[in-house]
Amino acid sequence: MTMSVASAAPFLRTLHMRSPVPQGRRHTLPASEFRSLSPEDAISVFEIEREAFISVSGECPLHLDEVRHFLTLCPELSLGWFEEGRLVAFIIGSLWDQERLTMDALTLHKPHGTTVHIHVLAVHRTFRQQGKGSILMWRYLQYLRCLPYVRRAVLMCEDFLVPFYQKSGFKVQGPSEITVGPLAFIEMSYSVRGHAFMRRNSGC
């Protein structure tokens, strides 16, 4: 199966938001942009992730070597939000080929899969409580609709995050078979395949 992200370009195209610039000062970086991540972004990604998750659950969804692993194998399934060239929020995903997530899904990328496993969504601490997580997830799901091989997106989260993902259109599938130490998770799924009309009218 050939994987191409050319048709999804409209959703990864840089988004510029105008902001006042003092007279005489040259503004060289876009105020806000979205793009796929690369292995060079791994350290910035991990620093945000570590701060976001260690303080809450004591565990990171992805360790630094795993971040680099997925950003090398499937960078097109990641999305970063940059402000003035600084990473402020991100999503990392990979492909999966089974109905439910198993422990293997935490570390493997299945190139012929049709399910995107969203490993992590995180927002830098100084940009939280601004709705950035919801906006980034919406943009990511729009992007997935442009990838013809993607049928659905899945993730696992703790109970208290279920309402957040439900607002983005995810539905509860039930308890996940995956546990990390004392942590248990709920598995959630989002149907991408059912959006043919939106795909036709989204510029894909």
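Contact here means heavy atoms within 4.5 Å. With that in hand, here is a quick tour of a predicted model, in which local features need pLDDT of at least 70, side-chain atom pairs count only at pLDDT 80 or more, and totals for chains, interfaces and linings use all residues. Residues are numbered from 1 along each chain as its sequence is written, and side-chain values use heavy atoms, with hydrogens and water left out.

**The chain as a whole**

- The chain has six helices and seven strands; helices (H or I, at least four residues) and strands (E, at least two) are DSSP runs, numbered from the N terminus.
- Reading from the N terminus, the elements go α-β-α-α-β-β-β-α-β-α-β-β-α.
- Of the 204 residues in the chain, 47% are buried; buried means under 20% relative accessible area, exposed over 50%, and partly exposed in between, using a 1.4 Å probe and protein chains only.
- Take the contacts between residues at least 6 apart in sequence: 66% of them join residues at least 24 apart.

**Helix 2 against helix 3**

- Helix 2 (residues 42-54) packs on helix 3 (residues 64-73) at an angle of about 130°, and their axes are 9 Å apart.
- That angle makes helix 2 oblique to helix 3; under 35 degrees would count as roughly parallel, over 145 as roughly antiparallel, 65 to 115 as roughly perpendicular, and the rest is oblique.
- The axes are lines fitted to C-alpha atoms, for helices over the stretch in contact, and angles run from 0 to 180 degrees between N-to-C directions.
- On the helix 2 side, Ala42, Ile43, Val45, Phe46 and Glu49 meet Leu64, Val67, Arg68 and Leu71 of helix 3.
- Those contact residues split into seven nonpolar, no polar and two charged; Ala, Val, Leu, Ile, Met, Phe, Trp, Tyr, Cys and Pro count as nonpolar, Asp, Glu, Lys and Arg as charged, and the others, Gly among them, as polar.

**Two buried residues**

- Lys132 sits in helix 4 (residues 132-144), and Lys132 is buried, with a relative accessible area of 10%.
- Setting aside neighbours within four places in sequence, Lys132 is in contact with Trp81, Glu83, Val88, Val123 and Phe127.
- Val154 belongs to strand 5 (residues 152-157) and is buried too, at 1% relative accessible area.
- Leu101 is 53 residues from Val154 in sequence, yet their C-alpha atoms are 8.1 Å apart in space.
- Again leaving out neighbours within four places in sequence, Val154 has contacts that include Leu101, His117, Met188 and Ser189.

**Residues in loops**

- Glu84 lies in the loop between strand 2 (78-83) and strand 3 (86-96); Glu84 is partly exposed, at 40% relative accessible area.
- Phi of Glu84 is near 50°, a positive value in a residue other than glycine.
- Gln129 is in the loop between strand 4 (115-123) and helix 4, and Gln129 counts as exposed at 83% relative accessibility.
- Phi of Gln129 is positive as well, near 60°, in a residue other than glycine.
- Gly169 falls in the loop between helix 5 (162-167) and strand 6 (171-180) and counts as partly exposed, at 34% relative accessibility.
- Beyond its neighbours within four places in sequence, Gly169 is in contact with Ser189 and Tyr190.
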